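Subject: Structure for your files

Hello,

Here is the structure I said I would pass on. My notes follow below it.

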Amino acid sequence: MSDKFAIETRDLTKTYDGTTVVDHLNFFVRENEVFGLLGPNGAGKTTTILMMLGLTEPASGTVKVFDYNPTREPLQVKRIVGYLPEEVGFYDNLTARENLRFIADLNKIPPAETERRIDNVLEMVGLADARDMITAKYSRGMRQRLGIADVLIKEPKLVILDEPTSGLDPSGINHLLDIICGLPKMGTTVLLSSHQLYQVQRVCHSVGILSKGKLVIEGSIAELGREALAGGRYIIEVETAQPRPELVNTLGKIKGVDKVEIKDNILTISTGADLRSQIAKAVVDSDALLVQMKVHEFSLDDIYMKYFKER
Ligand SMILES: Nc1ncnc2c1ncn2[C@@H]1O[C@H](COP(=O)(O)OP(=O)(O)O)[C@@H](O)[C@H]1O
Ligand SMILES: [Mg+2]
């Protein structure tokens, strides 16, 4: 990964008939990373992507793709970006190789280069053996992989894949994600949209989660949990036998503790740091028996429950 940005949005906003569907997005995608643009259906993923490609104009705010403005410089953006839309279309009576020749020609790839590139991309997506089969006979998984070959043939600096795993079975998903995983090594940045967090999280270095047009979380997978869900707080859970009411007050006075709640035998303490040893001492000093104590770990399950559960 590098410190250069492939995509940068500033207050990027889109409205349709007075309704805001993309709402002041601020995020960046680093060069050579796989960035997941995640969110449930209708969150605004496709609309955001269309603005990155210059296919629809922002109502306000800006997006930059490798320093180009897609609204003003759509051709420059098209030259360096490969885009796989939600629905890919091929000429079904042509073979994979013939379809790719057609795309190579559209992209003005020199004929002398074309066959080498076709062999190369078909090999990469695991379709070398099916290159001379007409695409009408392709499975959904093969079509999606051919779609990737199709965007890679122009050797783009950035590929934008809109829900590429939808409709695939688990092995098809894994095959596709493995291919995506390998792209940064070749110097290709990836923006991957999906409404299925679990499917794609293993290949993403960073993610942005959209909900109703707003970016609710953004960052590296590693730092998401606590920052996103607890505002940087630690939540320490203590189970005691017969806690006295005074214990709540005592714990509340420890420096760094900002909230203590009690329910049955469980104390839930919100703190600015990992204060387990101070808390344990206070519990024991109050003569309550300490049964167990843990720092609540925020996982992708919490994120999933908060934003992705079926509504
Ligand atoms: N061309 C359009 N005209 C009017 N509303 C649209 C149009 N395209 C998308 N929308 C609305 O914008 C919202 C976001 O849609 P979209 O970007 O397709 O979401 P996603 O790709 O995350 O499923 C939805 O409520 C959708 O109905
Ligand atoms: Mg979409």
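**Helix α5 and its surroundings**

The buried residues of α5 pack against β5 (81–84), α3 (96–106), α4 (111–124), β6 (158–162) and α6 (170–182). Please keep in mind that this is a predicted model. Those buried residues of α5 are Gln144, Arg145, Leu146, Gly147, Ile148, Ala149, Asp150, Val151 and Leu152. The helix covers residues 140–152, and its length checks out: 13 residues at 1.5 Å a residue should span 18 Å, and the end C-alpha atoms are 19 Å apart, which agrees.

**Nonpolar cores**

The largest nonpolar core has 59 residues, of which Ala149, Ile160, Val190, Leu191 and Leu192 touch the most other members. Helix α5 gives the most to this core, with 5 residues. Another core, of 12 residues, lies apart from it and includes Leu251, Val257, Ile279 and Ala282. In soluble globular proteins, nonpolar side chains tend to be buried together.

As for Leu191, if neighbours within four places in sequence are left aside, Leu191 is in contact with Ile7, Val29, Phe35, Leu37, Leu158 and Ile160.

**Positive phi**

Most residues other than glycine have a negative phi. Two residues to look at here are Asp17 and His24. Asp17, which is not a glycine, has a positive phi of about 50 degrees; Asp17 sits in the loop between β1 (5–16) and β2 (19–30). Asp17 is exposed, because 5 other C-beta atoms lie within 10 Å and the cut-off for exposed is 12 or fewer. His24 also has a positive phi, near 50 degrees, but its place is in strand β2. His24 is partly exposed, with 15 other C-beta atoms within 10 Å.

Regards

Definitions and conventions: Residues numbered from 1 in each chain as written. Chains lettered and ligands numbered in written order. Predicted model: local features only at pLDDT ≥ 70, side-chain atom pairs only at ≥ 80, totals over all residues. Helix = DSSP H or I, 4+ residues; strand = E, 2+ residues; numbered from the N terminus. Expected span 1.5 Å × (residues − 1). Buried ≥ 20, exposed ≤ 12 C-beta atoms within 10 Å, placed from the backbone. Contact = placed C-beta atoms within 7 Å. Core = buried A, V, L, I, M, F, W, Y, C linked by C-beta atoms within 7 Å.
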